[in-house]
Amino acid sequence: MKKTLNLRSMAAQTIEQVVEQGQSLSNVLPAMQQKVSDKDRALLQELCFGVLRTLPQLEWLIGKLMSRPMTGKQRTIHYLIMVGFYQLLYTRIPAHAALAETVEGAVAIKKQSLKGLINGVLRQFQRQQEELMAEAAKHESRSLHPSWLLQRLKKAYPGQWQSIVDANNQRPPMWLRVNRQHHTREEWMALLAENGLEGHAHPQYRDAVRLETPAPVHALPGFEDGWVTVQDASAQGCVHLLDPQDGDAILDLCAAPGGKTTHILEAAPKARVMAVDIDEQRLKRVHENLQRLGMSAEVKSGDGRFPEQWCANQQFDRILLDAPCSATGVIRRHPDIKWLRRDRDIPELAALQKEILEAIWPKLKSGGTLVYATCSILPEENYLQVAAFLAQHPEAKLVETGTPEIPGIQNLPSPEDGDGFFYAKLIKS
């Protein structure tokens, strides 16, 4: 029973590490989940993701109900109270259980003396919930986005920013990629239906299927045998544009965790693929993904700005550059991005992207294809970046993706489609 009672305090500690220490949720949460049963893992994830998704609203509520914030060694209690608010507002957990177990969370973090405070704040919220939420609906925190990002979205998308914000605040759809080496999409969807699950084919990307209702991977036909992979539809668009062919020498740069590497090999199993990433830890995931699908690629650790260090004089027929970016297109999958990113990061990231693009372009053969992609929706990282590159490189020709004035294709996140993603396809003449 103790582990269940500790879930709230574990969620509070996880959220504190993200917000206060700038750690990524995808790094912190798995370690916490190892400590609890499978059944509790899903709830722990729900609490962490949910609080990070709705953070400004929960902060505002604490400000209304507490005369002064919890600081120093008591800071975890601040996040524990948020976990309590989130359960009362957004989950089906009975209020008495949510309350009791959140209060009990103070014991797990050796703050028994604060149980009364937590109980008092949560009960006061219950009494005033209706009028507080009516007031919150008019407050600027209702967008659930940091103000710097809101300003950038309003400037870039004056007519669409509200729908982008709404999509970011929703749970993402579950997209799958059918391995065409095993089945056609239609064949696999028939197997899916036999298992009582409903899927929808993407109109543009030939391997993409959206599940009507998200399901655990073990419920997917042939997941263990490599018949299908969990991957967002927009991420699949990269390989759709790259159009890999058997016999090609292909570079997948910034490749971790390997979803696009394996997609390239599903589309062209006889291609010679080099997968490179600067993060050695994340390269383990590339190896794991290749192993699960029974594929092989040359996997290397390397910095995209200095290709001569890891590929010497080698040149490639096709290059997929999934550039490091703000990840503002995948906020619904990674709500911590809203609180980890800063406005000042954007020009720094744009400078890094430019450096990598300039460094890798000479490694593309004449007549070769380069696809520049990001999971960002900010113009500085996307069409402005590519427009500047085209102006400097007359030998680079934009194809299939936009116009020289506004180069590239910008996908925006939407409830039943893929994440926010940008692509530009360049041919070296």
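**Strand pairing, burial and backbone**

Me: In strand 12, what is the bridge partner of Gln 410?
Reply: The partner of Gln 410 in strand 12 is Phe 422. Strands (E, at least two residues) and helices (H or I, at least four) are DSSP runs, numbered from the N terminus.

Me: What should I know about the model itself?
Reply: The model is predicted, so local features need pLDDT of at least 70 and side-chain atom pairs count only at pLDDT 80 or more, while totals for chains, interfaces and linings use all residues. Residues are numbered from 1 along each chain as its sequence is written, and side-chain values use heavy atoms, without hydrogens and water.

Me: Back to Gln 410, then. How many bridges join strand 11 to strand 12?
Reply: Three bridges join strand 11 (residues 409–411) to strand 12, and the two run antiparallel. Two strands pair if DSSP finds at least two bridges between them.

Me: And strand 10 with strand 12: parallel or antiparallel?
Reply: Strand 10 (residues 396–398) runs antiparallel to strand 12, again with three bridges. Within that pair, Ala 396 stands opposite Lys 428.

Me: How many bridges does strand 9 form with strand 12?
Reply: Strand 9 (residues 364–374) and strand 12 pair over six bridges, in the antiparallel sense. Thr 369 faces Ile 427 of strand 12 there.

Me: Why is strand 12 described as largely enclosed?
Reply: Seven of the eight residues of strand 12 (residues 421–428) are buried, so the rest of the structure largely encloses this strand. Buried means under 20% relative accessible area, exposed over 50%, and partly exposed in between (1.4 Å probe, protein chains only).

Me: New topic. How do strand 6 and strand 7 run, parallel or antiparallel?
Reply: Strand 6 (residues 272–277) and strand 7 (residues 298–301) run parallel and are joined by four bridges. Ala 275 stands opposite Val 299 in strand 7.

Me: Through which helix does the chain cross from strand 6 to strand 7?
Reply: The chain passes through helix 13 (residues 280–292), and this β-α-β crossover is right-handed. That word applies if, with the strands pointing away from the viewer, the path from the first strand over the helix to the second runs clockwise.

Me: How many residues of helix 4 are buried?
Reply: Eight of the 11 residues of helix 4 are buried, and this helix is mostly covered. The buried residues include Leu 55, Pro 56, Trp 60 and Leu 65. Gln 57 and Leu 58 of helix 4 are also among them.

Me: What is the separation between Leu 58 and Ala 136?
Reply: Their C-alpha atoms are separated by 9.7 Å, although the two residues are 78 residues apart along the chain. Ala 136 lies in helix 7 and counts as buried at 2% relative accessibility.

Me: And Asp 40: buried or exposed?
Reply: Asp 40 is buried, with a relative accessible area of 7%. Asp 40 belongs to helix 3. From C-alpha to C-alpha, Asp 40 and Leu 7 are 7.7 Å apart in space, while 33 residues separate them in sequence.

Me: Last topic, the backbone. Where is a cis peptide bond?
Reply: A cis peptide bond joins Ala 256 and Pro 257, with omega of about 5°. Pro 257 lies in the loop between strand 5 (249–253) and helix 12 (259–267).

Me: What is phi of Asp 243?
Reply: Phi of Asp 243 is near 50°, a positive value in a residue other than glycine. Asp 243 sits in the loop between helix 11 (233–242) and strand 5, and this residue counts as partly exposed at 38% relative accessibility.

Me: And phi of Ala 327, positive or negative?
Reply: Phi of Ala 327 is positive, near 60°, again in a residue other than glycine. Ala 327 is in the loop between strand 8 (316–322) and helix 15 (337–340), and Ala 327 is buried, with a relative accessible area of 11%.
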